[in-house]
Amino acid sequence: MGYTEKELAEDLKEQEYKFGFTSEFESDRAPNGLSEDIIRFISAKKEEPQWLLDKRLEAYRVWREMKEPEWAHVHYEKPSFEDICYYSAPKQTKKYESWDDVDPEMKETMKKLGISLEEQQRLTGTAVDFVMDSVSVATSFKKKLNELGIIFCSFSEAVQEHPELVKKYMGTVVPHTDNFYAALNSAVFTDGSFCYIPKGVRCPMELSTYFRINEGGTGQFERTLVVADKESYVSYLEGCTAPMRDENQLHAAVVELIALDDAEIKYSTVQNWYPGDKDGKGGVFNFVTKRGICERNAKISWTQVETGSAVTWKYPSCILKGDNSVGEFYSVAVTNNYQQADTGTKMIHLGKNTNSTIISKGISAGQSQNSYRGLVQINAKAENARNFSQCDSLLMTDRSGAHTFPYIECKNNSSKIEHEATTSKIGEDQIFYCKQRGIDEEKAIGLIVNGYCKEVLNKLPMEFAVEAQKLLEISLENSVG
Amino acid sequence: MLSIKNLHASVEEGAEILKGLNLEVHPGEVHAIMGPNGAGKSTLASVLAGKDGYEVTEGSVDFDGKDLMELETEDRAKEGLFLAFQYPVEIPGVSNINFLKTALNEIREYKGEEALSAKEFMSKVREASKVVELDPKLASRSVNTGFSGGEKKRNEIFQMAMLNPKLAILDETDSGLDIDALRIVSDGVNKLRSKDNAVIIITHYQRLLDYIQPDFVHVLADGKIVKTGPKELALELEDKGYDWIAEEKETV
């Protein structure tokens, strides 16, 4: 490695000095707005090969002709794309001068989540030496993966080190023409994660971005590509339960999963971006395109717990191309205060005997709006395809909204499609029952909501599930009314 | 242990239901409260337990030296007040075990006791399920979810055995039980009786009192206790109904 952790730490320290003097074009920050020049600048900064620059420019040209989608059940003031800075490096700057400056409310939340002090300081960027602490963990982790031939690195690194893989698979599941935000991402993405599991290898540990956060942090336009070669298996964890304050309002990520014959990918997400304040001011717009493709006998399983962001627009989907392939979507989406979420999945059945399962649990509190939007599409050649969908909505208040938009398109009459949906309000009688047994209201809501989401939480890796449970409780504090 | 003096309560912004109720309960005692429909029996249980939707307008309730009405619902439970619900509530996805463990540890924490270890807790579960002959499988199922009427009532007494309250109020625990289930539930309550705790049984029927012998029978009518007597009073009520008490009162 040319660039050591120590050097990174030094850079981070130096960054403080530079703060406020970095707005020149030649420095590490591009001027606001988007043009072909800016894209060339980004690509040059990252020393990318010509083919990738061409891809970016192509995406940019397509994007310019596109309109922002308006069909989702969300209302917000559209971001001004001219006011965004599309390149600023490195991202991992100190957000606070010292630990004492960190918002006490945020500290309290992290404490409740059971995050260690060291981890808290790392997350708020108040500890610089965190980099040193995590080196040993990350190193032994990498060594083990290397032995198995597993590639797990930042997207930029993959472009340099494994261009043939990136070139072969990038954009094959989510083409740049797919939608407005995917096109934007394809033009301006700055970094992300890349993962390749060789044929027949079962990845022995959960791959988590946690282990490589020091290599770049999460970006505004993140790009993730996971390729599971034949007969391989990987479980990938994205995100983190800790509250993430971010001055970037717009997040437009793209995630592509490729499961070749007999491979399996489990992709779990916990999303807790800043949701805005109690009056609905601020908060992240999370417009994500996530999609996977399954070849023969392959399986892709999406599990997500979404509690953050002011506006969420997200449909992790599966293209069941190969015969006997399986797609799963397990989701919990919580909205509180003025949050809005329009989320769900698409299951596209192309192959024979393909099977998909959708379990969606929406929880609306405060004055929030929570929508499930899903498509089950059985194509003409998908003999004996099966789908089971269950969409439940739980209302915590009478000012919040729950909506379900299920679309079913079936072109093969040998298929079986089941759809179940329920909407319920959290029972005052349930809360009273808990209280009468000595459990206070906050814990009671936690119990009831976690019970309601159990089917989904059970799909998360153990450690993640425990954190997600706590996160649900915290997200819904004082939310009944 | 429990001292209710001149208790008046109404439904929020509505009619007065309890109109000056007095009741004294001492450790070791079992009190039966009987009375016609609409007399205020279930309201009394709800007000004591702290259910929302009721307003206490007058009177006082002392529970072991504490002003019960000043306590939060959950703190009343932690002080040792237990209500066996007439209609036990279903909580899907939350196992009985997890529910009770949370409850028990909350109560222990309140009392300054350490949380139970998994092993201690499970042995308590085994003991308590024997009390009401509860199928241990029910203990790991979701709280009351898909339970039969009888199983729900048994589960209430199972919870009572787990939480070991000072005062248990059984709100029409006999309703909807067949003879066998009634016997099992009553046996359970009898096993849990001790010189240190007390039970208030709210019921329509004398039937339950054949199994759980009360020390006192009270007649609740129109928001007040209008007559108190020994267990034989229940038989008399079964025989003659409630009207004669009202008449007796008028002649007095």
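A:Glu206 lies in the loop between strand S2 (191-197) and S3 of chain A; strands (E, at least two residues) and helices (H or I, at least four) are DSSP runs numbered from the N terminus. The model is predicted, so local features need pLDDT of at least 70 and side-chain atom pairs count only at pLDDT 80 or more, whereas totals for chains, interfaces and linings use all residues. Residues are numbered from 1 along each chain as its sequence is written, while chains are lettered from A and ligands numbered from 1 in the order in which they are written.

A:Glu206 counts as partly exposed because it has 17 C-beta neighbours inside 10 Å; a residue is buried with 20 or more other C-beta atoms within 10 Å of its own, exposed with 12 or fewer, and partly exposed in between, the C-beta atoms being placed from the backbone. Leaving aside neighbours within four places in sequence, A:Glu206 is in contact with A:Ser235, A:Leu237 and A:Pro461, where contact requires C-beta atoms, placed from the backbone, to lie within 7 Å. The C-alpha atoms of A:Glu206 and A:Leu145 are separated by 11 Å, and these residues are 61 apart along the chain.

Strand S3 also belongs to a sheet of chain A. Eight strands form this open sheet with parallel pairing, in the order S3-S5-S8-S10-S13-S15-S17-S19; two strands pair if DSSP finds at least two bridges between them. At its edges stand S3 (207-208) and S19 (416-425) of chain A, each pairing on one side only. Within the sheet, S15 (residues 355-364) and S17 (residues 386-395) of chain A are joined in the parallel sense by ten bridges, and A:Ser356 has A:Asn387 in S17(A) as its bridge partner. Helix H13 (residues 462-475) of chain A lies across S5 (233-239), S8 (264-271), S10 (299-306) and S13 (326-335) of chain A, at about 30° to S8(A). Such angles run from 0 to 180 degrees between N-to-C directions, with axes fitted to C-alpha atoms, for helices over the stretch in contact.

Where does chain A touch chain B? The contact takes 18 residues from chain A and 22 residues from chain B. On the side of chain A, the elements giving two or more residues are helix H10 (428-436) and helix H11 (441-452) of chain A, and H10(A) supplies the largest share, seven residues. The ipTM of the model is 0.95 and its pTM 0.81.

Chain B has ten helices and twelve strands. Its C-alpha trace spans about 60 × 40 × 35 Å along the principal axes. Buried residues make up 42% of its 252 residues. Of the contacts in chain B with a separation of 6 or more, 72% are between residues 24 or more positions apart.

Strand S1 (residues 2-11) of chain B pairs with two strands. Seven bridges join S1(B) to the antiparallel strand S2 (residues 16-25) of chain B, with B:Ile4 opposite B:Leu23 in S2(B). These two strands, S1(B) and S2(B), form a hairpin with four residues between them, and B:Glu13 in the turn has a positive phi of about 55°. Eight bridges join S1(B) to strand S4 (residues 54-63) of chain B, also antiparallel; here B:Leu2 has B:Phe63 as its bridge partner.

Definitions and conventions:
Two residues are in contact if their C-beta atoms, placed from the backbone, lie within 7 Å.
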